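Have the sequence and the model open as you read.

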Amino acid sequence: MIQSQKSETPSMKRHMGMKASSRISNTASYVVLVLISVIWLIPFVCILLQSFRCESTHQVGYIIPQKWGLDNYRNLFNTNFPRWYTNTLITALFAAVFQTIIVLCMSYTLSRFRFKMRKPLMQFMLILGMFPGMLSMIILYQVLKDLGMTQANSVPGLILVYIASSGMGYYVSKGFFDTISKSLDEAARIDGATRFQVLMKIILPLSKPIVIYTVLTAFMGPWGDFVFARYISFNVSAGMNAAVGLYGWLSQDQISKNYTMFCAGGVLVAVPVTILFMCLQRYYVEGVTGGAVKG
Amino acid sequence: MANVKLTGVKKIYDNKVVAVHDFDLEIQDKEFVVFVGPSGCGKSTTLRMIAGLEEISEGTLQIDGEVVNDLQPKDRDIAMVFQNYALYPHMTVYDNIAFSLRLKKMPEDEVYQKVTNAAEILGITEYLTRKPRALSGGQRQRVAIGRAIVRNPKVFLMDEPLSNLDAKLRNQMRAEIILLREKLNTTFVYVTHDQTEAMTLGDRIVIMKDGYIMQVGSPEQVFDTPRNLFVATFIGSPQMNLFSASLVRSGADSYSVRYQNITVPLDSDRCALLKENGVGSMDKVILGVRPEHMTCCFGGEGNAVHSTITVNEMMGSELHLHVAAGNDRNIIVRIPTIELDHERRSALVHGSPLDFTFSSKVIQLFDPETEQSLLWK
């Protein structure tokens with residue numbers, strides 16, 4: 001008995017030591033993570049608090065408002081903000097729908113069909129993707145101007161630009177589709193399904209995470225876009241999206257009367273995306289990592 | 001119910017690799033044909049060409065007299081069971097089986113009737129509401145078969161359906177496929193690399209190698225009269241023993257085989273075949289004898305080959321002895337254990353001598369250059 005106790009002691013000690021060291025490393029990582037998230041959250045919290053500040057509209061040296069209220073939110077509706085918000089929403093929704101359709105069809109085609117120019121096409125798109133999108137801005141502006149899709153009519157122009165190159169974003173979803181056994185397609189085709197039915201009834205239901213990931217990324221691009229939207233709307237308020245419109249309030253002559261309203265607008269822009277992410281984050285993570293680990 | 005006719009069917013891939021060469025075969029209505037061969041012999045490719053999943057590069061494929069080369073898989077009225085089952089993971093067993101019927105827009109009550117009927121035949125009624133991931137390998141395979149039989153197809157195609165199952169389940173499913181075949185009474189084309197499956201299931205076996213048909217025949221034919229060395233060694237387990245021997249023609253109608261110290265006169269049937277094929281005396285022939293056809297000479301008979309046991313494998317009902325005789329190292333002798341008393345069995349160990357011989361009625365002879373059988377009619 002004594003012997004067995006003796007023999008257990010070193011292993012127990014080792015076990016205790018391992019437990020203690022893992023507890024220390026866990027605590028250290030939590031502390032670091034909490035610190036990082038606090039730093040990361042500070043601007044958001046500041047904006048949120050400032051949006052409820054009613055005592056003044058200009059920038060101040062403190063964070064917690066002295067007088068709380070919803071005045072800033074109410075005042076937003078007396079500006080062009082609703083128009084900007086609608087512009088952003090329409091652009092993002094259309095872009096999300098069409099981009100998703102194009103990306104998924106493209107990915108399915110490149111994953112399942114074997115045609116002559118498949119590989120050169122993929123390589124070409126890879127190389128094309130290496131050029132910064134900004135390079136195309138001048139020519140795109142000219143094209144959109146000729147089509148009458150700039151300034152006040154920038155919404156259809158923006159939608160067109162966002163969905164035009166969306167096929168190039170096929171990588172992640174193609175990777176995911178590649179992990180789905182081809183014999184499922186073949187079984188379905190023998191069962192009497194057309195290629196389109198195979199995609200709709202077999203592949204897409206099995207690819208929920210990637211569909212959601214594609215919708216989310218397709219929605220997020222236009223929702224937060226600034227550079228291109230500003231360029232196309234060309235200082236015409238009716239054609240601006242929320243980001244461009246709100247940015248205008250930060251100019252030197254506007255910032256003192258519009259700063260808190262800018263914060264309120266920022267919060268309203270962030271709310272739908274935050275809700276979307278909170279609901280769908282599980283799928284989003286699965287979508288990004290799914291293709292990599294699924295056997 | 002239909003017959004399938006392949007005429008000069010060829011498969012050439014884009015990289016110019018020829019997977020199947022001039023495949024000619026007529027599969028009769030309600031026949032069970034098994035394609036068997038090693039990996040890469042083109043058996044699955046041929047099956048997939050019949051299914052319509054691979055394009056036919058040359059030649060014609062007819063199902064029920066109609067050329068179907070350019071028809072889509074769904075229009076060929078065939079059903080296929082895949083090696084990995086290919087069940088739709090997001091659907092229940094019921095939905096999996098009902099999938100093809102619903103695509104045909106069949107009324108739901110009729111679908112219900114057909115699905116439950118198929119489930120009853122296969123004994124999977126209690127699993128109808130489950131998803132495939134909640135089923136065992138055998139149950140999944142039954143669902144895959146259910147999905148095929150519910151369509152009542154003209155031709156049933158099976159691509160190595162049992163190779164993902166463990167040995168015990170494979171034997172059980174093999175018996176079930178035989179019973180299923182009796183119930184369905186339709187044309188079956190079955191692909192396997194397992195010669196036991198081929199022998200037990202097929203009415204006819206098509207043995208393939210490197211995209212060519214090596215031999216087509218009933219299990220008995222391919223076992224007893226292999227056309228060439230490949231078929232002889234591929235069919236039968238353990239594989240046929242091959243010896244370097246010589247053939248002696250003595251007189252017009254009599255032949256004998258000489259191997260090491262023994263001479264075995266051939267029986268009249270074999271002599272007649274050799275004579276018909278115009279075979280004379282040959283210094284070198286490949287002599288083939290199956291392990292179960294080797295006779296052990298425990299009494300020290302004179303006309304026997306002397307060998308030494310190198311490996312002793314106790315298989316339960318029989319004993320596999322690996323022996324070495326001269327330069328021939330891996331000769332296998334198969335002895336039913338019931339024929340051995342305890343004393344004799346314990347004497348058959350590594351290093352001990354064993355004398356064996358064989359009857360002329362069971363031997364095969366092959367040309368060492370062409371590897372073709374000298375006894376082929």
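## Ground rules

This is a predicted model, where local features need pLDDT of at least 70, side-chain atom pairs count only at pLDDT 80 or more, and totals for chains, interfaces and linings use all residues. Residues are numbered from 1 along each chain as its sequence is written, while chains are lettered from A and ligands numbered from 1 in the order in which they are written.

## The pair in chain A

Take helix H3 (residues 81-112) and helix H7 (residues 171-178) of chain A: their axes come within 8 Å and cross at roughly 50°. The crossing of H3(A) with H7(A) is right-handed.

On the H3(A) side, the contact uses Val103(A), Leu104(A), Ser107(A), Tyr108(A), Leu110(A) and Ser111(A); H7(A) brings Ser173(A), Lys174(A), Phe177(A) and Asp178(A). Contact here means C-beta atoms, placed from the backbone, within 7 Å. Sorted by class, that contact has 5 nonpolar, 3 polar and 2 charged residues.

## The pair in chain B

Over in chain B, helix H4 (residues 137-149) packs on helix H5 (residues 167-184) at an angle of about 20°, with their axes 11 Å apart. So H4(B) is roughly parallel to H5(B), and H4(B) passes H5(B) in a right-handed crossing.

How values were computed
Axes fitted to C-alpha atoms, helices over the stretch in contact; angles between N-to-C directions. Helix = DSSP H or I, 4+ residues; strand = E, 2+ residues; numbered from the N terminus. Left-handed = near helix turned anticlockwise from the far one by under 90°. Contact = placed C-beta atoms within 7 Å. Nonpolar A, V, L, I, M, F, W, Y, C, P; charged D, E, K, R; others polar. Parallel < 35°, antiparallel > 145°, perpendicular 65-115°, else oblique.
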